[in-house]
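Please read them alongside the model.

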Amino acid sequence: MCGIVGYTGKRRAGPILLDGLSRLEYRGYDSAGMAVRDGNKLAEVVKATGKLIHLADKTDQGRALEGTCGIGHTRWATHGDPSLVNAHPHVSGNCTGSASGPVESEVVGVHNGIIENYAELKEKLLRHGYTFYSDTDTEVLVKLVDYYYNKYKIGPVDAITRTMVRVRGSYALGLMFQDYPGEIFAARKDSPLIIGTEEDASYLASDVPAILKYTRDVYYIENLQVARISPGHVSFYDLNGDERSLPLTTITWDASAAEKEGYEHFMLKEIHEQPEAVQNTLNSLAAEDEIHLEEAGITQEFLAGLREVDIVACGSAWHVGMAARVLLEDLAGVPTRVELASEYRYRSIPTQDDTLVVIISQSGETADSLAALRAAKERGAATLAVVNVVGSSIAREADHVIYTKAGPEIAVATTKAYSAQLIVLYILAIALGAAKGRITSEQKAGYIRELRTIPDKIRRILEEKERLQWFSSKIVNAHDIFFIGRGLDYAMSLEGSLKMKEISYIHSEAYAAGELKHGTISLIENNTLVVGLLTQSALYEKTLSNMTECKARGAYLMGITPNGNFQVEDSVNFALYIPRTDEHFFPSLAVIPLQLLAYYTSVNRGLDVDKPRNLAKSVTVE
Ligand code: F6R
């Protein structure tokens, strides 16, 4: 987690750094800081705890800092509590770590990631006379660079590569050296980092939205590389210190995609962007009645030869996998396992070369998913990444990649990326079914045509959002909410429950409806809300029975079901109807009221919808 920015050019750095940090706040927001240099003068360091606004207030929106070169950081605590002293930037010099102002220090740095062997390195540095003011692994990292820099009298690039060889873990690093005014040095391993350039300025950032306002020309620095950045110029080095060249990529998305555009929250804006996210993703994979996966290097022969699919992901992306499993088994007849990435990587799952491991990730940087991808490759499986962020680590390392076309997602709780991921997985299931001869070309064409109706159906649900706004005001004081369903409806329940708990802080659980009576039903009390997903006709009666079992014990029932199932009103207290579609594709429609319910509940509780407590958008730590 954490967000990094850097700027060197002709303009005042402070406001540019703050602006970049404001677009990275989704990566962490328990404290923030900046270090800015004016020519040869000492770097001025300012930090503040809490949200970025405190740092902005402390620095007069960044204007109080003199200088045209600087680095900044927004933090999501890993080592050490979220205090001023632990906030970044960290420095190699002796100081208290909390006062604002010029700091006598050879090296100043910001870091995203975790240094696993920091305790051992700290011991070494203590033996060499270093003292420490914070509990962070970052201070150790900065002081280790300083140690090599001074001991061997080598330049910054060599001091950084020596440090990289010694540290274990993940990092994206931005450093300034007192002897190198106007320059920033950067390095990365398994944490995202990009460098943007324009004629007389260069930028460093964890993610594209931070610099999109200034430039569209970016370099994706590679794993285990170092960059030396000066105004308008960047050079790259490998671990041996040899210079490397990297391609310059032009970002094509619109800067307004990363702005709120009149919506109260990014989450609401992104919920409304789902019809386009679905349509763009679908258009990138299907033309007329045909599916095209050639760009991802996926051929008919490749699909026909697959015997098993393993889907590996975290959080909501894992829920997409839970839904996709039903389609892959049903349409393609391929045995499918769905694994949590944090578990998969530590298991020794027997894997053949006719297994396709699909890694689903919005950010493409989730540490567990990246590690799972590497484990799958080591185990000999073919790997496919379904990723939203172009050029991210997972996208670059997988054998095949299909991009979701959701555009930048800023709210911590995913919505449009989730919907776009569903489309990719539907298409994969249909293509696999066709390649294996399980579905005919007419059926394939029928499925594709039906998928083309999904964006409009989502729009129709969004038009009725006021009903959910009203209902959410009734549940604002709920203590527990249960989401239940069977089959695809269970996969939906998982997503509905996660959305609710992560942004409203109301405890909620998702249950396979038939499983409730094996223990959990004892938690049902008077007025406990039970949300039943009732989209699968073969399972409708069964789930409804499980819901009425809860009602008999005092539960208040909400049912989400296709238009026309009006008899549901005999059983539930509040019914929400969604347009009809092929039953395999209901997750794309049923998720919309679940997202809106969570959104309005969070708003009604007065919470920070886009940045819920304790979370970060991109989970780049294990
Ligand atoms: C929930 C949410 C998370 C992510 C998970 C994986 O709303 O957004 O559960 O789905 O952290 O992130 P990615 O998809 O970036 O790998």
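1. Contact here means heavy atoms within 4.5 Å. Axes are lines fitted to C-alpha atoms, for helices over the stretch in contact, with angles from 0 to 180 degrees between N-to-C directions. Helices (H or I, at least four residues) and strands (E, at least two) are DSSP runs numbered from the N terminus. The model is predicted: local features need pLDDT of at least 70, side-chain atom pairs count only at pLDDT 80 or more, and totals for chains, interfaces and linings use all residues. Residues are numbered from 1 along each chain as its sequence is written, and side-chain values use heavy atoms, leaving out hydrogens and water.

2. Helix α5 (residues 156-166) lies across β8 (169-177), β9 (184-189), β13 and β14, at about 20 degrees to β9.

3. These strands belong to an open, antiparallel sheet of seven, ordered β5-β7-β8-β9-β13-β14-β15; two strands pair if DSSP finds at least two bridges between them. Its edges are β5 (90-91) and β15 (243-244), each pairing on one side only. Five bridges join β13 (residues 225-230) to β14 (residues 233-237), and Ala-227 has Phe-236 of β14 as its bridge partner.

4. Just after α3, Gly-129 has a positive phi of about 90 degrees.
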